[in-house]
Amino acid sequence: MENHFNTQSIHTGYPKQDPYGSLQFPVYGTNAFEFATAEAMADAFTGKTTEFTYSRISNPTVGYFEKRVAGLTGAFGVTVFNSGMAAISNIFLNIAYKGANIVTSPHLFGNTYSLFASTLKAFGVETRFCDLTNPNELSNAIDQNTCAVFLEIVTNPQLEIANLEAVSAIARQKNIPLVADTTAVPFCAFKAKDHQIDIEVVSSTKYISGGATSLGGIVIDYGTFDWTDKQGLKDFASLGKGAFTAKLRKETHRNVGAYMTPHTAQAQLLGLETLSLRFAQAASSCLQIAGELQQMAKIQTVNYPGLASNPFHSLAKKQFGELPGAMLTFDLSSKETCFAFLNRLKLIKRATNLFDNKSLIIHPASTIFGMFSQDVRDRMNISDGTVRLSVGLEDVDDLLDDIRQALGQYF
């Protein structure tokens, strides 16, 4: 009998019996592991056995976290990293090559945009920015050197939503893998495999960590794409649908050295156990706050796909259900007004990060995107009047009272 999500997130079996019967998987806070013989050591290092060798490559606590994520998502392979950006970087170090191109939207998180537009460009990888909500534009951007279509399922902070059915159909027709950052809606509420996503990347720093306890990133390979003729994985091409994870585990992540630490893995194992409960409360509060913000005269616009008035509402409901995440944005009259509002807040924290237990607020144009030129910010649709709110687990009435007093409005 297969357990439901909440039960499985708590009761995934251990690979080996704990000698003390611990109900929490132990932290194996060690770098190296002893072997009984030189032969056993050689077999482990050459992949003939699955024994642990060195914690930069694999670790029992981290491996158990990967196992639990695989069980919850139905993944073929899971590899975890020390941040979400490390996870994205490892994906493209794994599949890209000089002369390759990535097709994506300009509406991306700031560091993801910079990775594509600057860092990978220096290694001969082109990024083609297009409107992923326009199927014809997406199709025309893909050619024989496209190594992936990449998107955020809900863009940050634009809250744009592409039609995954249309995007995945084009990717399949062109024989291109679809890579998606699904951080905005966690896998307790969104099943990436059901939407033909081949590689899922998640910043586990966000919902999964359970209150901003730790940094982490997850790469989830669903084993749905055949890499046989893909240049970036040519040395592993004979493995077909298993080539991506094989190269990632045997080469890329080992060489880059960005693997998750065992202490982080334990913190995030605990976070998984309450993931769906925390998401449900935060996202429900976000929807309620979005509705109330619409009634406040000093707020010009409110952007949350869960609102019936939002242009992406129908698509969001189809793809994510009633609660498309716990992040919203709203616009005030100017940057100066935004700063004055943020400075008057007493409960909501002026901080970056998303999906902490605490509600967090930020002015994206001057912070996350502050190092970009005005032209680039315009292309990315980053406005000086926009404020981003990540809704936490506080009582909704307290959050609304804080917003009202900061706006100078009392109801």
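K317, at 43% relative accessibility, counts as partly exposed, where partly exposed denotes a relative accessible area between the buried range, under 20%, and the exposed range, over 50% (1.4 Å probe, protein chains only). The side chain of K317 meets that of E322 in a salt bridge with an N to O distance of 3.4 Å, a salt bridge being a side-chain nitrogen of Lys or Arg within 4 Å of a carboxyl oxygen of Asp or Glu. The model is predicted, so that local features need pLDDT of at least 70 and side-chain atom pairs count only at pLDDT 80 or more, whereas totals for chains, interfaces and linings use all residues. Residues are numbered from 1 along each chain as its sequence is written, and side-chain values use heavy atoms, with hydrogens and water left out.

The protein chain contains 14 helices and 12 strands, which are DSSP runs numbered from the N terminus (helices H or I, at least four residues; strands E, at least two). Its radius of gyration is 22 Å, close to the 22 Å that the globule rule gives for 411 residues, so the chain is as compact as a globular protein of that length; the radius is taken over C-alpha atoms, and the rule is 2.2 Å times the number of residues to the power 0.38. The C-alpha trace spans about 75 × 55 × 40 Å along its principal axes, and 55% of the 411 residues count as buried. Among contacts with a separation of 6 or more, 72% are between residues 24 or more positions apart, contact meaning heavy atoms within 4.5 Å.

Across the whole structure, a search finds 9 salt bridges. One of them joins E292 to R404, with the closest N and O atoms 3.2 Å apart; because E292 lies in helix α10 (residues 275-293) and R404 in helix α14 (residues 396-407), the pair ties together parts that are 112 residues apart in sequence. E292 is partly exposed, with a relative accessible area of 29%, whereas R404, at 15% relative accessibility, counts as buried. The side chain of R404 also meets that of D401 in a salt bridge of 3.8 Å, N to O, and these two residues, being 3 residues apart in helix α14, are separated by about one helical turn. D401 counts as partly exposed at 44% relative accessibility. Elsewhere, E126, R128 and D143 are linked in a network of salt bridges.

Helix α8 (residues 243-256) has 14 residues, which at 1.5 Å a residue should span 20 Å, in agreement with the 18 Å between its end C-alpha atoms; the expected span is 1.5 Å times one less than the number of residues. A kink of about 45 degrees in α8 is centred on R249, the bend at a residue being the angle between axes fitted to the seven residues ending there and the seven starting there. Buried residues of α8 include A243, F244, L248 and H253, and what covers the buried residues of this helix includes β1 (77-81), α4 (84-95), β6 (199-203) and β7 (217-221). Just after α8, G257 takes a positive phi of about 75 degrees.

In the loop between α2 (38-45) and α3 (60-73) lies S55, which counts as buried at 10% relative accessibility. Not counting residues up to four places away in sequence, S55 touches T30, N31, F33 and Y259. The side chains of S55 and N59 are joined by a polar contact of 2.9 Å, defined as a pair of N or O atoms within 3.5 Å, of which, within protein, one must be able to donate a hydrogen and the other to accept it, while residues adjacent in sequence count only if both atoms are side-chain atoms.
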